[in-house]
Amino acid sequence: MKLYALDSVETAQACRLLIRLNNDCASLQWSDTIRGIPSDVLDGMETVQGYAETKLNDFCAQGKLLRELTDEEETLWHSWSKISETLRRSMGSGVILAGKESRMVQEALENFPEASFIIEALREGENLVLI
């Protein structure tokens, strides 16, 4: 996974929506609860996922690539996203918005030295997107 910094809050919010849309499509496709999804619906979801991935890449290309996360860093990101509701909402979405949300994430992660790569990026005042 790659971590990007985006200047625009609006673009970061759009990324959050696209990530959620992509995840929702994948959840439905892999659902054990809803079975027998018609092939035209599955095809439509694949089209939506393709669009979401293309748009995400386009939006992130407007920002700057900060780093490619190692497997260990990805695992830490996901584990930190489960620590609190604050972290679940932002880190769990794959997007941390600059401003109040960023400050709350920084405070929640300040006792984790392994999170320095996130905290340093957030101190720059940019929005972070992990895809």
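1. Thr 11 touches Leu 6, Phe 59 and Gln 62, residues up to four places away in sequence being left out; contact here requires heavy atoms within 4.5 Å. Thr 11 is placed in helix α1, residues 9-29. Its relative accessibility of 12% makes Thr 11 buried, where buried means under 20% relative accessible area, exposed over 50%, and partly exposed in between, with a 1.4 Å probe and protein chains only.

2. The model is a predicted one, in which local features need pLDDT of at least 70 and side-chain atom pairs count only at pLDDT 80 or more, whereas totals for chains, interfaces and linings use all residues. Residues are numbered from 1 along each chain as its sequence is written, and side-chain values use heavy atoms, with hydrogens and water left out.

3. The protein comprises six helices and four strands, arranged from the N terminus as β-α-α-β-α-α-β-α-α-β. These elements are DSSP runs numbered from the N terminus: helices are H or I with at least four residues, and strands are E with at least two. The C-alpha trace spans about 50 × 30 × 25 Å along its principal axes. Of contacts between residues at least 6 apart in sequence, 71% join residues at least 24 apart.

4. The largest nonpolar core holds 19 residues, and those touching the most other members are Trp 77, Trp 80, Met 91, Ile 96, Leu 109, Ile 118 and Leu 128. Such a core is a set of buried Ala, Val, Leu, Ile, Met, Phe, Trp, Tyr and Cys residues joined through side-chain atoms within 4.5 Å. Two or more residues each come from β1 (2-6), α3 (71-80), α5 (100-109), α6 (116-123) and β4 (127-130). The greatest contribution is that of α6, with five residues. Apart from this core lies another, of 13 residues, including Cys 15, Ala 52, Leu 97 and Val 129. In soluble globular proteins, nonpolar side chains tend to be buried together.

5. Which residues does Ile 118 contact, leaving aside neighbours within four places in sequence? They are Trp 77, Trp 80, Met 91, Ile 96, Leu 109 and Leu 128.

6. Asn 127 belongs to strand β4 and is buried, at a relative accessible area of 0%. Its side chain reaches the backbone nitrogen of Ala 98 at 2.8 Å. When residues up to four places away in sequence are not counted, the residues that Asn 127 touches include Tyr 4, Leu 6, Ser 8, Ala 12 and Ile 96.

7. Arg 35 is situated in the loop between α1 and α2 and counts as exposed, at 65% relative accessibility. The side chain of Arg 35 reaches the backbone oxygen of Asp 32 at 2.9 Å. Arg 35 and Val 9 are 26 residues apart along the chain, and 38 Å separates their C-alpha atoms.

8. Val 41 is part of helix α2, residues 39-62, and is partly exposed, at 37% relative accessibility.

9. Overall, 37% of the 131 residues are buried. The accessible surface is about 7,800 Å², 49% of which belongs to carbon and sulfur atoms; the areas come from the Shrake-Rupley method with a 1.4 Å probe.

Conventions. A polar contact is a pair of N or O atoms within 3.5 Å; within protein, one must be able to donate a hydrogen and the other to accept it, and residues adjacent in sequence count only if both atoms are side-chain atoms.
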